[in-house]
Amino acid sequence: MSDLYCPIHSLKEGNWFKLICGASFQDLPAIRSLALAYTLAGADCIDVAADPAVITAAKEGIAVAGELAEAAKGKGFTGGSLPWLMVSLNDGEDPHFRKAEFDSTQCPSECHRPCETICPADAIAFQEIGFSGVLDSRCYGCGRCLPVCPSQLIITRSYVSTPSAIAPLIQEMDIDAIEIHTQVGHGEDFKRLWSAIASWCHRLKVIAISCPDHPVLIDYLYELYKLMSPLPCPLIWQTDGRPMSGDIGRGTTRAAIELAQKVLKARLPGYVQLAGGTNSHTLPKLRSMGLLKQNSECFYISGVAYGSYARTLLAPILDKLESAQLENCPQLLWQAVGRAYSLVSQLKPAALSLQP
């Protein structure tokens, strides 16, 4: 794989691609396969839950991709260097860090189960024999099941990352980056979290701050920047427009772009990367608005992160694997890489993209 298109180069050139596996997503076979396919497709960063098992699964997928790099080149997938592995943590309550749950024995027999139909992760199952309810490892907290339950039986449980749990992951599992999810009003919580982790952040290659929009968002982000300065590595502002919605349709990308424009206009130190509602319509829209480096002479978007849309894109292929590993099913492997590449290559320059 070419070092010319290493992650930091991608950030500087405005073609950084990040795969978001999900801060609460813990389906280990799916994570391994997603990491494998998107690494071969040229992703710069893979963002996963701060869970040792999840991290191990992602690293296995990345390692297998490294072994298959030459085979991928032979098929026209030219990729970049291996992606950075990022873990997500939060400073307080956040929709990315929650799971749905309900007691299926309380569901009325006549219910038509709209929760099962609407779940984008196939995390809700009803079986006459065996498990019924929310498959915990697959649920990533999108919340779409909550309003559709006719009996309002579904609830969520949230959790907060603790520095004592994160530090060993950085030190022992060779993590490249962290992303901190925060919100306006979490200032004191963020300060406590940063105080606890600042001493080992010098080990990182990049730090990302993810925050949804708010009337005083820019003031809050400046406060965070002052608190963190001086930083030991590059900083990414992740503009979380409409969280966990990219697989819904064309309109979801609008909020992500509008929030990115707001942060770009503020000229905060660091890179600006879209997330929250990104999908196949995001790059064409950014290009038409002159927000990419190749058609902008001033401030531009440094990259785009794809979550639910990127996962959904590969789901029909990965569902066919059953218990097999992706690399042991060559036909499915290259189909998955091809789909991943169709998304990644939209962001990468022509020099990287040799259409297979």
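**View 1. Cys 211 of β9 meets its bridge partner in β10.** In this predicted model, Cys 211 has Thr 239 of β10 as its bridge partner. The two strands, β9 and β10, run parallel and are joined by 5 bridges. To get from β9 to β10, the chain passes through α8. This β-α-β crossover is right-handed.

**View 2. Strand β9 is mostly covered.** The strand spans residues 206-211. Of its 6 residues, 6 are buried. Val 206, Ala 208 and Ser 210 point one way from the strand. Ile 207, Ile 209 and Cys 211 point the other way. Residues on both sides of β9 are buried. In a regular strand, side chains alternate between the two faces of the sheet.

**View 3. Strand β8 pairs with β9.** β8 covers residues 177-181. Its pairing with β9 is parallel, over 5 bridges. Ala 177 stands opposite Val 206 of β9.

View 4. The bond runs from Ser 229 to Pro 230. Its omega is near -5°. Most peptide bonds are trans. Where does Pro 230 sit? Pro 230 is in the loop between α8 and β10. In that stretch, α8 covers residues 217-228 and β10 covers 235-240.

**View 5. Arg 113 has a positive phi.** The angle is near 55°, in a residue other than glycine. Most residues other than glycine have a negative phi. Arg 113 is found in the loop between β4 (98-101) and α5 (114-118). Is Arg 113 buried, partly exposed or exposed? Its relative accessibility is 37%, so Arg 113 counts as partly exposed.

**View 6. Gln 152 also has a positive phi, in another loop.** Gln 152 is not a glycine, yet its phi is about 55°. The loop that holds Gln 152 lies between β6 (133-134) and β7 (155-158). How is Gln 152 placed, buried or exposed? Gln 152 has a relative accessible area of 53%. The cut-off for exposed is over 50%, so Gln 152 is exposed.

Note on methods. Residues are numbered from 1 along each chain as its sequence is written. This is a predicted model: local features need pLDDT of at least 70, side-chain atom pairs count only at pLDDT 80 or more; totals for chains, interfaces and linings use all residues. Side-chain values use heavy atoms; hydrogens and water are left out. Helices (H or I, at least four residues) and strands (E, at least two) are DSSP runs, numbered from the N terminus. Buried means under 20% relative accessible area, exposed over 50%, partly exposed in between (1.4 Å probe, protein chains only). Two strands pair if DSSP finds at least two bridges between them. A crossover is right-handed if, with the strands pointing away from the viewer, the path from the first strand over the helix to the second runs clockwise.
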